[in-house]
Amino acid sequence: MAKKRPQSKAGKQQLKDGEIPVVGAREPCPCGSGRRYKACHGRAAAQAVTELVHRPFEGLAGECDWVALRELVPAATVELTLKDGLPEGVPSVTLATVLPMAWPALRRDDGSVLLALQNDTSSGDLSRDLADTLQRALEAEPGSPVTARRVPADGPRLQDLLAPDAAFEPNVHSGFEFWVPDAENATPEVSASLERANAAAIPTTLLSGVDAAYWCETPEKNHLRWVMPHPEEQLLDALARLHAAGSSSLGDDTRLVGSFRAHGLMVPVWDLPSSMGAEACEKPAVEFAERLATALASDAPLTPEERRARGGLTNRQVTLS
């Protein structure tokens, strides 16, 4: 016979929905129903936590750079500005691509906070996960890392914590020396960890003439990966117009080879010859941006050649997130 579900005791005060804390899935629900949390109020919380937010950085200054640092750039930092200012004892808050030991965040000995962007997260809303980690880092003891945890479904998002009008200015590094204040005098263990991380980092440079375009060097060829804010369908049409007209490249021996999808944005990718460094990309990128603006403004139907070009670009898309 099926077991009877335990009933809450008569007279036991029932909590309101807004007062119910998050507990373990198999623990009794704090509302007093007698059921496990996962079968009671945990259902709605689990659904909210797992629901995917396709553009988690939408509304933040530098959305395209947030996406690039999350998916494309090995080593970079950005100084963050909090909406309510820095708490007492916290001299700065810095976003970092990754931290040692895959820590979600670190409160340094001097009280400053490092927040990692490329860690795995527990929910479908990356912004909410990062905001929870940031809040806990601000309250952590100096000299201690912040560990991962399941994030409350109703917690704040980065958009609630960061100043909306503050500049978002990535500083791309050649290595991970920003992990420690004094890398030259680091312990042998830390030095070895830095050496391994630096060896795996792909040389990357942020172009200065256009937004969110990152040149990178690989053994066989170089690439330009450019995160763009335009709606995907409109951007595909514009790129198809340029591709069909033979004007989608960045110069001789360069080629638009496809694109990534990442966090709701498109990232066109160009193959570049090994001889083409970041500085040599600057002028062609600015000129391409002008051609793209013209193509984006067109609302004429695509020609057969442009439709074929669009189909080819669509077939060469890779979704990162």
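**Cores, sheet and ring pairs**

Mentor: Ring pairs link Phe57, Trp66 and Phe168 into a cluster. This is a predicted model, in which local features need pLDDT of at least 70, side-chain atom pairs count only at pLDDT 80 or more, and totals for chains, interfaces and linings use all residues. Residues are numbered from 1 along each chain as its sequence is written, and side-chain values use heavy atoms, with hydrogens and water left out.

Trainee: What makes two rings a pair, and why is the pair of Phe176 and Trp179 called tilted?

Mentor: Rings of Phe, Tyr and Trp (its six-membered ring) pair if their centres lie within 6.5 Å; planes under 30 degrees apart count as stacked, over 60 as edge-to-face and the rest as tilted. Phe176 and Trp179 are 5.0 Å apart, centre to centre, with 40° between the planes, so the pair is tilted. The structure holds 7 aromatic pairs.

Trainee: Why is the pair of Trp226 and Trp270 tilted, and which parts does the pair tie together?

Mentor: Their ring centres are 5.9 Å apart and their planes stand at 45°, so this pair is tilted. Trp226 belongs to strand E9 (residues 222-226) and Trp270 to strand E11, so the pair ties together parts 44 residues apart in sequence. Strands (E, at least two residues) and helices (H or I, at least four) are DSSP runs, numbered from the N terminus. Both Trp226 and Trp270 are buried, where buried means under 20% relative accessible area, exposed over 50%, and partly exposed in between (1.4 Å probe, protein chains only).

Trainee: What makes a set of residues a nonpolar core?

Mentor: Its members are buried Ala, Val, Leu, Ile, Met, Phe, Trp, Tyr and Cys residues joined through side-chain atoms within 4.5 Å. The largest such core has 41 residues, of which Phe57, Trp66, Leu134 and Val227 touch the most other members. Helix H3 (126-139) is one of the elements that each supply at least two residues of this core; the largest share, 6 residues, comes from H3. Another core, of 26 residues, lies apart from it and includes Val210 and Phe288.

Trainee: How do you know that strands E10 and E11 pair?

Mentor: Two strands pair if DSSP finds at least two bridges between them. E10 and E11 are joined by 7 bridges, so they pair, and they run antiparallel.

Trainee: Why are E7 and E12 called edge strands?

Mentor: The open sheet of 6 strands has the order E7-E8-E9-E11-E10-E12, with mixed pairing. Strand E7 (204-206) and strand E12 (317-319) each pair on one side only.
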